[in-house]
Amino acid sequence: MLSHSEASENFIADAERTDWHDETLWFVRAKRDKASKVLPEWEAMREHASQIKDHTLANLGEYLQAFESKAIANGIHVHWAADAAEHNAIVHGIIAAQGSKTIVKSKSMLTEECHLNDYLASKGIEVVDTDLGERIVQFRNEAPSHIVLPAIHLKKEDVGETFHQHLGTPKGNKDPQFLTEAARQHLRGHFLASEVAITGVNFAVAETGEFVVCTNEGNADMGAHLAKVHIACTGIEKIIPKRADLAVFLRLLARSATGQLITTYSSHFHKPREGQEMHIVLLDNGRTRQLADPKYKNSLKCIRCAACFNTCPVYRRSGGHSYHQPVAGPIGSILAPNIDKKANADLPFASTLCGSCSNVCPVKINIHEQLWFWRQDLMEAGLAPAGKTIGMKLMAFTLANPVIYRVGGSLLRRFSHLLNTRLNPWYKQREMPVAPKESFQEWYKKR
Amino acid sequence: MSARDQILRKIEPLEPVNHPGDFKGASIDFDFRASLEVVGARIMTKEELEIVFPGRRRYDKTLDGLSLAEVEVLEIDGEFVVAENGAIWLTEEAMPHRVAPFICQHLVINVKKIVPNMHAAYEELKKPNSSFGLFLAGPSKTADIEQSLVIGAHGARSLTVVIHP
């Protein structure tokens, strides 16, 4: 697997596309700014939402049990899964009981985290992703590159070609309206035929035992309402205490994500439809470990709006696939090392630590600080790249020894051209500055 | 040990943090017409509706779930519209089937009441008043292909709102 910096090199090889990606996501960020600035209470709402999440995490066990008992009373089957394998086995068990071979699924990053599609495929069950962006990347055998805009790495020409191959649309047709209509017709057939539908969950309300699913396309609802069995998959951190808390979260979510006033559909599933079977799977998969660590527990407040992706100078210029994780961007970079430190040791370094992510986060997660905490933990655990470790040690040694610092400085000033080598990662795509003739100390002594 | 007990055992209560209570200080000065327009809905009078959609299907109990896929224009009643974002609260009881507002090609919603913002909306919805309810804001949309906005992804291709004074 390529590290973030290696994969980014491939991504930026196409300069024009990189610029398009960068500008498009910045445009989404600008829409978020516009939507938030018309509300004088915006900052107070962020603080309020943050406090609700803090309160919930402090009492998560209680709220989970309250949710469970209410949901059961509502006629919803509640399942608990300690890890991805258990989650997948539960979902498979429910589908197998129906005997279904093809099912529909709306967007759920949690099922990506568990690699549910691959698992079900190995059991002979085909999953049809119904979000347009997800269907596009599924046809292409790719992962989503953004949690809200899954196909943002593609141009309409790419989508046209993909649909030509998989849906038989005319070659060369790249009109978004036409291609969306083709997907609508194609997926409508699946919605009408599917007996099982999987959705994600945006919020699960402890007070009422209901869960809320937000989409713009209506694909989650089309699937869930037409299927005999609805399976909703959620992380245990998606719980909120009260129904009224939804007000502040729904006001923040879409405005932060795309600058919309609200998602087109915010559906409140309280009880199954008459004759329908409704399941909810509550997944841990490392979340309790994250919760127990005061440095990282805040990351569990995330409502998956992706505002931190859109604002991140590194994400915008490196693309989601470079993060090799279902949740990319700054938030993904602090979530992934918790699940697998070694495999994701590169991600906390994929940041300039500029702090823009923390500034736009609707629930005030200290993302950039956690990136920095992870860097320290990874260095300590010996998981940082060798070059970085040696470099840091050399730097620490030099800074701790005034004589070596002065001698080294004077040598580097004289032979600074030696840094213009491929061995120096900072030299790539950059001109090294010309070193001054004298050091500050030398200059100061002369005065 | 079951996964449930395993998970609950791992969750230690953290230092207590109070719930901040209801949000105070939300703006109330919103123009519901402007918001409806932003989310892509059309506002019509009853008279205009008769001219544009004379053959629309009004919800009645004879209309069952799957036959809805054949319905071109469906008319249902919403409970209220939220002025800040143009979202209309719909409940299962007011529709022939939960899938109704999604599966018909064009949707017409009658609304009698307007509330200023989402906080006021949940003030109305303190307790769930339905097995299924939703906020619906405009027609189905997507921008998944190069961020170009396309109306009519999977759900209704258009939304017409009739405000009854």
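## Helix 16 against helix 18 in chain A

Helix 16 of chain A crosses helix 18 of chain A in the left-handed sense (the near helix is turned anticlockwise from the far one by less than a right angle; clockwise would be right-handed). Helices here are DSSP runs of H or I with at least four residues, strands are E runs of at least two, and both are numbered from the N terminus. Helix 16 spans residues 329-339 and helix 18 spans residues 367-380; the angle is about 35 degrees and the axes lie 9 Å apart. Axes are lines fitted to C-alpha atoms, for helices over the stretch in contact, and angles run from 0 to 180 degrees between N-to-C directions.

Helix 16 of chain A contributes Pro330(A), Ile331(A), Ser333(A), Ile334(A) and Pro337(A). Helix 18 of chain A answers with Ile367(A), Gln370(A), Leu371(A), Trp374(A) and Leu378(A). Contact means that C-beta atoms, placed from the backbone, lie within 7 Å. By class, this contact has eight nonpolar, two polar and no charged residues. Ala, Val, Leu, Ile, Met, Phe, Trp, Tyr, Cys and Pro count as nonpolar, Asp, Glu, Lys and Arg as charged, and the others, Gly among them, as polar.

## Model and numbering

The model is predicted: local features need pLDDT of at least 70, side-chain atom pairs count only at pLDDT 80 or more, and totals for chains, interfaces and linings use all residues. Residues are numbered from 1 along each chain as its sequence is written, while chains are lettered from A and ligands numbered from 1 in the order in which they are written.

## A sheet across both chains

Eight strands form an open, mixed sheet in the order 8(A)-5(A)-6(A)-9(A)-8(B)-5(B)-4(B)-7(B). Two strands pair if DSSP finds at least two bridges between them. Strand 8 (239-240) of chain A and strand 7 (114-115) of chain B have a single partner strand each, so one side of each lacks a neighbour in the sheet. Strand 9 of chain A and strand 8 of chain B run antiparallel, joined by five bridges. Phe269(A) stands opposite Phe132(B) there.

Strand 5 (residues 203-205) of chain A pairs with strand 8 of chain A in parallel, over two bridges. Ala204(A) faces Ile239(A) in that strand 8. Helix 12 (residues 245-257) of chain A packs on the sheet and touches strands 5, 6, 8 and 9 of chain A. Its direction makes about 175 degrees with that of strand 5 of chain A.

## The A-B contact

The contact takes 71 residues from chain A and 63 residues from chain B. Helix 1 of chain B gives the largest share of the chain B side, six residues. That side has 31 nonpolar, 21 polar and eleven charged residues.

## Glu237(A)

Glu237(A) lies in the loop between strand 7 (229-235) and strand 8 of chain A. Glu237(A) counts as buried because it has 25 C-beta neighbours inside 10 Å (buried is 20 or more other C-beta atoms within 10 Å, exposed 12 or fewer, partly exposed in between, with C-beta atoms placed from the backbone). Beyond its neighbours within four places in sequence, Glu237(A) is in contact with Arg287(A) and Leu300(A).

## A second sheet in chain B

Five strands of chain B form an open sheet with parallel pairing, in the order 1-11-6-3-2. Strand 1 (42-44) and strand 2 (57-58) of chain B are the edge strands. Strand 2 pairs with strand 3 (residues 73-77) of chain B over two bridges. Arg57(B) has Leu74(B) as its bridge partner.

How values were computed:
Contact = placed C-beta atoms within 7 Å.
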